Amino acid sequence: MRNRAMAFVWLFLCNALWGFSFIGTKFALGAGLAPMSLAFFRYVIVVPVLLVIEKKMVKERKIEKGDALTLVASSFFGVTLYYFFENTGMLYTTASNASLIVATVPVITLAVDAIFFKARVSPLQWVGAALSVAGVALVVGGGYNFSRETLVGNMLVFGGCATWVAYLLASRKLLIKYDSVLITSRQSLVALLTLIPFGLADMRGWPDFTWPLAGVVAALGLLCSGACYLWYVDAIQTLGTVTVSVFLNFVPVFAVVSATLFLKEELSTLQLAGGLVILTGITLVTIAPMRAVKGVYEA
């Protein structure tokens, strides 16, 4: 699927679901499921579904030996390490700190592309990425605490940002040659294998799986780890890493919207303004295409 208009639609929906997933994640963790066990069960549920989709949709399913290491690395960085850094970091820092730190992903992606891949980044893209970070700051409010008490948590969340950028760049390399469904399916399979030790380590602490908890975990797996990754990887292939990364800053917007709808939290004028600033930043990044260097894919 290389339709740019539809790629934007799926990317927007993907980030909306990730934003709304905070409520489900909060419920599952509150029910006694450890963070890495939650990730493990999400992939236990979704991997068989993705493998069936791959078998039905992908004709050429072989991945060359030379690309196998890149595939494993992309999965390890984009799922296992990302979950570990972000979920562990959240235990030692505030949600506001984490949201603002994660908002730097587009800036890091631009910098890595410019420095290591010699890509020509337009001034509009730098401005757009910076605006999206500022918009996130408005959305999450002023509850920042960058003190010694939150230093460890902040560094862990920043480590999650670095692993996500590594995932984006590794996936981009693979998507030059392979179908997006194939890459998503195989990345998820590798992720499940790497999450098994974490899941088994927490086994004694697993809570009783009530129907509500099982339903939430299934939804997180099928939608947020399945459908969203399918859409996201396709968007990387269609739109490029920079545009895709800046859309991540819509996640806190939808997190706030979900809290307003389901937890009856108030939505402030400042948060609405922050959403508009993020939208402006994303628009600038999107309309200012980057000139790709030879050998590096950029839609």
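User: Is Val152 buried or exposed?
Analyst: Val152 counts as exposed, because its relative accessibility is 52%. The cut-offs are under 20% relative accessible area for buried, over 50% for exposed and partly exposed in between, with a 1.4 Å probe and protein chains only. Keep in mind that this is a predicted model: local features need pLDDT of at least 70, side-chain atom pairs count only at pLDDT 80 or more, and totals for chains, interfaces and linings use all residues. Residues are numbered from 1 along each chain as its sequence is written, and side-chain values use heavy atoms, with hydrogens and water left out.

User: Which helix is Val152 in?
Analyst: Helix 7, residues 151-175. Helices here are DSSP runs of H or I with at least four residues, strands are runs of E with at least two, and both are numbered from the N terminus.

User: How far is Val47 from Gly221?
Analyst: Their C-alpha atoms are 8.8 Å apart, although 174 residues separate them in sequence.

User: OK, switching to Cys228. Where is it, and is it buried or exposed?
Analyst: Cys228 is in helix 9, residues 211-239. Cys228 counts as buried, since its relative accessibility is 0%.

User: What is Cys228 in contact with?
Analyst: Cys14, Leu17, Trp18 and Leu223, once neighbours within four places in sequence are set aside. Ala68 is 160 residues from Cys228 along the chain, and their C-alpha atoms are separated by 23 Å.

User: Now Ser258. Which polar atom pair does its side chain make with Ala255?
Analyst: A polar atom of the Ser258 side chain lies 2.7 Å from the backbone oxygen of Ala255. For a polar contact you need a pair of N or O atoms within 3.5 Å; within protein, one must be able to donate a hydrogen and the other to accept it, and residues adjacent in sequence count only if both atoms are side-chain atoms. Ser258 belongs to helix 11, residues 251-262.

User: Why does Ser258 count as buried?
Analyst: Because its relative accessible area is 1%. Ser258 touches Gly19, Phe20, Ile23 and Leu263, not counting residues up to four places away in sequence.

User: One more residue: what does Thr70 touch?
Analyst: Ala170, Lys173 and Leu174, again not counting residues up to four places away in sequence. Thr70 is in helix 3, residues 65-89, and counts as buried because its relative accessibility is 15%.

User: Zooming out, how many helices and strands are there?
Analyst: The protein has 12 helices and 0 strands.

User: And why does the radius of gyration fit a compact globule?
Analyst: Because a compact globule of 299 residues would come out near 19 Å, and the protein has 19 Å, which agrees. That radius is taken over C-alpha atoms, and the globule rule is 2.2 Å times the number of residues to the power 0.38.

User: How much of it is buried?
Analyst: Of the 299 residues, 51% count as buried. Also, among contacts with a separation of 6 or more, 89% come from residues 24 or more positions apart.

Technical notes:
Contact = heavy atoms within 4.5 Å.
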